[in-house]
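These are my notebook entries on a structure that I had not examined before. I record what I looked up, entry by entry.

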Amino acid sequence: MATDVPEGSVRNILEQETLKWVFVGGKGGVGKTTCSSILSILLAQVRQSVLVISTDPAHNLSDAFQQRFTKIPTLVNGFSNLYAMEVDPKVEGDDLSDEGLDGFLSELTNAIPGVDEAMSFAEMLKLVQTMDYSVIVFDTAPTGHTLRLLQFPSTLEKGLEKVMALKNKFGGIMNQATRLFGLGDEFSTDAMLGKLEGMKDVIEQVNRQFKDPDLTTFVCICIPEFLSLYETERLVQELTKFEIDAHNIIINQVLFDDEAVESKLLKARIKMQQKYIDQFYMLYDDFHITKLPLLPEEVCGVQALRKFSQHYVSPYKPDLTRGTLEEVQQRISILKLQLEEAKLELETLQKGKQDA
Ligand SMILES: Nc1ncnc2c1ncn2[C@@H]1O[C@H](COP(=O)(O)OP(=O)(O)O)[C@@H](O)[C@H]1O
Ligand SMILES: [Mg+2]
């Protein structure tokens with residue numbers, strides 16, 4: 001049945017009304033920020049309110065929209081329901097400014113690497129969860145970094161287990177010690193545990209939302225090159241392992257052949273790209289794969305983003321009116337030849353049928 005074949009567009013994301021979190025990830029420079037911005041623009045057309053957040057320390061939502069953003073959600077110029085913010089997961093950790101907790105966290109970080117970052121990521125997710133947006137688009141950092149953050153629930157859980165074990169072993173002694181040295185109540189293991197228990201609730205809540213395909217999906221951005229294919233496969237496998245839904249791949253910067261390309265270099269690149277595009281389709285036959293053209297210029301500013309967004313909802317078709325008159329005439333003669341060949345083939349087929 002035709003409806004079983006995934007459509008080559010991101011329409012499915014726009015139609016999934018239950019979605020709350022859309023994560024956009026991939027290698028650096030492939031077009032994550034551009035795609036996040038455009039997805040948020042498209043979502044703003046169908047959802048009540050949209051927030052796009054950059055969690056990549058190398059922020060560039062500001063570049064894409066040509067507007068300065070901060071860690072406070074700001075209305076994007078020209079929209080009434082689209083907001084943007086840029087957060088740095090590491091710096092946000094400063095919000096846990098309670099000294100006891102901070103000292104404790106750094107201790108914990110030594111024991112379990114990445115726990116501080118994971119914690120601030122969880123805090124950020126908790127914060128945005130309290131904000132009243134219909135859907136949030138996350139422009140994430142390059143793959144390796146993102147994968148680390150996605151592990152955060154298990155990282156933190158491991159941390160908790162370690163602390164629990166410590167408490168059971170040494171809890172009594174530690175409490176005595178804090179009293180002995182007059183360190184005050186906030187240093188007691190019970191207080192620490194209380195805080196950790198609080199975190200555990202946040203983690204569990206975030207984790208539940210993370211793993212619910214009705215609420216959360218991950219969009220993989222890539223380009224038709226070996227390294228990007230390889231990295232996408234790693235990303236998809238990790239997402240599967242973490243039970244995070246992913247069923248969209250966007251292949252960006254595609255060169256299309258139909259434009260009477262003359263350049264040998266371009267022709268070679270197109271051939272190479274096609275090889276990897278074929279592999280994408282083979283590997284991810286149950287994904288929605290959206291192909292986007294490589295543009296001659298950057299995609300900067302709301303107008304350019306809006307214009308580019310059309311290729312997200314309906315597959316790109318090279319503009320046939322482009323090119324010189326000669327090129328068009330050449331293309332027409334090629335098409336005529338192909339038509340003749342097809343006619344001949346049809347005739348042979350029909351003859352064969354009659355003879356049989
Ligand atoms: N299809 C495209 N054609 C031309 N330029 C593009 C295309 N997609 C993205 N760009 C440009 O490439 C640069 C990198 O894109 P960006 O979205 O910032 O990548 P990332 O966030 O993955 O690092 C930006 O200047 C952007 O405008
Ligand atoms: Mg970016």
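Entry 1: I began with Gln66, which counts as partly exposed because it has 13 C-beta neighbours inside 10 Å. The cut-off for an exposed residue is 12 or fewer such neighbours, and for a buried one 20 or more. I note that the model is a predicted one. Gln66 is not a glycine, yet its phi is positive, at about 55 degrees. I located Gln66 in the loop between α3 (61-65) and β3.

**Entry 2: another glutamine.** I then looked up Gln253, whose phi is also positive, at about 60 degrees, although Gln253 is not a glycine. I found Gln253 in strand β7. Gln253 is partly exposed, since 19 other C-beta atoms lie within 10 Å.

**Entry 3: the chain as a whole.** I next asked how many helices and strands the chain has. I recorded 13 helices and 8 strands. The chain has 356 residues, and I noted that 31% of them are buried. I also looked up the contacts between residues at least 6 apart in sequence: 77% of these join residues at least 24 apart.

**Entry 4: the sheet.** I traced an open sheet of 8 strands with mixed pairing. Reading across the sheet, I wrote the order as β3-β4-β2-β5-β1-β6-β7-β8. The edge strands are β3 (74-75) and β8 (288-293), each of which pairs on one side only. I then turned to a helix that packs on this sheet, namely α2 (residues 32-46). Helix α2 touches β1 (21-25), β2 (50-54), β4 (82-86), β5 (135-139), β6 and β7. The direction of α2 makes about 170 degrees with that of β5.

Entry 5: Is β5 mostly covered or mostly open? I found β5 mostly covered, with 5 of its 5 residues buried. In a regular strand, side chains alternate between the two faces of the sheet. In β5, I saw Val135, Val137 and Asp139 point one way, and Ile136 and Phe138 the other way. Asp139 is buried, as are the other residues of this set.

I then looked up the pairing of β5. Strands β1 and β5 pair in the parallel sense over 4 bridges. Trp21 stands opposite Ile136 in β5. Strand β2 also runs parallel to β5, joined to β5 by 5 bridges. Here Leu51 has Ile136 as its bridge partner in β5.

**Entry 6: strands β6 and β7.** I followed the sheet to strand β6 (residues 216-222) and strand β7 (residues 248-254), which run parallel and are joined by 4 bridges. Val219 has Asn248 in β7 as its bridge partner.

**Entry 7: a pair of helices.** Last, I looked up how helix α10 (residues 226-241) lies against helix α11 (residues 264-283). Their axes come within 10 Å and cross at roughly 15 degrees. The two helices are therefore roughly parallel. I recorded the crossing of α10 past α11 as right-handed. Which residues of α10 meet α11? I listed Phe226, Leu229 and Glu233 in α10, which meet Tyr276, Gln279, Phe280 and Leu283 in α11. By class, this contact has 5 nonpolar, 1 polar and 1 charged residues.

Notes. Residues numbered from 1 in each chain as written. Chains lettered and ligands numbered in written order. Predicted model: local features only at pLDDT ≥ 70, side-chain atom pairs only at ≥ 80, totals over all residues. Contact = placed C-beta atoms within 7 Å. Axes fitted to C-alpha atoms, helices over the stretch in contact; angles between N-to-C directions. Parallel < 35°, antiparallel > 145°, perpendicular 65-115°, else oblique. Left-handed = near helix turned anticlockwise from the far one by under 90°. Nonpolar A, V, L, I, M, F, W, Y, C, P; charged D, E, K, R; others polar. Pairing = 2+ DSSP bridges.
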